[in-house]
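Take a look at the chain shown here. This report starts with the overall fold and then turns to a few parts of it.

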Amino acid sequence: MGRVALFLVIGLVFSSVCFAEDAAEPAATAVKALTVDEAGKIPVTGHTIAADKNIRDWTGVAPEQENSAAVSNGEYIWKDAAGDDAGSGSYTYPLDKVLKKGADLKEFRVTFDKDNLYLLIRTDRPGDWWTGFKIVGIHKEGAAGGTEVLAQGDMDEGGFDSGTFANLKVAPALACQYVVAISSSYKGRIYDEKGKVIARKEAQPDDTPGFKVDDFNWNAIEVVIPLKLIGVPQGASPAGETWKFIIATGQQDSDVARRVEATQSQYHGGGGAEVNVNPNVYDLAGSDKATQEKELGSFDPNAQEGDPKGFATIGKSFLTVNFGSK
Ligand SMILES: [Ca+2]
Ligand SMILES: [Ca+2]
Ligand SMILES: [Ca+2]
């Protein structure tokens, strides 16, 4: 009987120690995997992030299940499936070893404070230093207007200041007030609903103050966007608002979306159309593989190059973020 009592005492002491450790490390516990709809109802309280080539300040816990969302430690988190980076279903990467991968979205996070919106975009790592191209459309629920075409750009003009050249649009219900594009490991543009550049990050003296883009390990990009640049007046807060985010990832070529052509070659992936009308992105957030392939495949192969009427339309692949107050 004495030995049984001793075991009981040891057991009690042991379990109370375990309990104390659990209580001290809530971040280590798993979070529940939510659907986009479920996560979109949970207020994100937000916290401050530094774009400093270090992503340890993103302390929220990602859900374990692929293609699910969570709200954790003041962050909205989407965990994208690995290996769903096939564009409309049959996209391949370029043959050059530098460009063989790098557009598979892994995770997207959103948080904020009184001054800034913060984004984290994680992908797989490219074969060498040649990080890709990312597009983030922002649709504010209840806002008027917005653009369905995700900052395409003018073919005669070309270049990052003109647009993304990704051949993508969204359904009218997702029309975007702003489109953010990220190229390589440190460059960015923000376009307004007319497709005009309103903020620029090039690591040059005339960069837009406060707009920051920086990379960690070639597979994670931190983006800092001053709220006043995207329609939130100084001193106001998006708390109480719901925004939808449309995220598309591809590769970059002279700071626009690298073309996916019909036939794979050294510098271009294959599986697209004969003319450049298919979307030049490999992966989307917010939907499963079948849905994103259907959406990325919804272009008109007979359309004229650059004509938005023929672009693939995203209607279901988005994330809903509900901004809360502390
Ligand atoms: Ca950081
Ligand atoms: Ca993915
Ligand atoms: Ca995906």
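How many helices and strands does the chain have? The model is predicted, and its chain has three helices and 18 strands. The radius of gyration is 21 Å, close to the 20 Å that the globule rule gives for 326 residues, so the chain is as compact as a globular protein of that length. Along its principal axes, the C-alpha trace spans about 90 × 45 × 35 Å. Of the 326 residues, 46% count as buried. Now take the contacts between residues at least 6 apart in sequence: 69% of them join residues at least 24 apart.

**Strand β4 and its partners**

Is strand β4 largely enclosed or largely open? Seven of its eight residues, within 105–112, are buried, so β4 is largely enclosed by the rest of the structure. Strand β4 pairs with β3 and is also joined to β5. The table sets out both pairings.

| Strands | Residues of the partner | Sense | Bridges |
|---|---|---|---|
| β3 and β4 | β3: residues 75–79 | antiparallel | four bridges |
| β4 and β5 | β5: residues 116–123 | antiparallel | seven bridges |

Follow Glu107 in β4. Its bridge partner is Lys79. Glu107 also stands opposite Arg122 in β5. Strands β4 and β5 form a hairpin, with three residues between them. Here is a general point to keep in mind: in a regular strand, the side chains alternate between the two faces of the sheet.

**Helix α3**

Which residues of helix α3 are buried? Helix α3 covers residues 289–296, and its buried residues are Gln292, Glu295 and Leu296. These three cover an arc of only 95° around the axis, which puts them on the same side of α3. What do the buried residues of α3 pack against? They pack against β16 (283–284) and β17 (312–314).

**Gly74**

Gly74 lies in the loop between β2 (68–72) and β3. A residue counts as buried with 20 or more C-beta neighbours within 10 Å. Gly74 has 19 inside 10 Å, so it counts as partly exposed. Leaving out residues up to four places away in sequence, Gly74 touches Val44, Thr45, Gly46, His47, Gly60 and Thr111. Lys316 is 242 residues from Gly74 along the chain, and their C-alpha atoms are separated by 25 Å.

Methods
Residues numbered from 1 in each chain as written. Chains lettered and ligands numbered in written order. Predicted model: local features only at pLDDT ≥ 70, side-chain atom pairs only at ≥ 80, totals over all residues. Helix = DSSP H or I, 4+ residues; strand = E, 2+ residues; numbered from the N terminus. Rg over C-alpha atoms; globule rule 2.2 N^0.38 Å. Buried ≥ 20, exposed ≤ 12 C-beta atoms within 10 Å, placed from the backbone. Contact = placed C-beta atoms within 7 Å. Pairing = 2+ DSSP bridges. Arc of directions from axis to C-beta.
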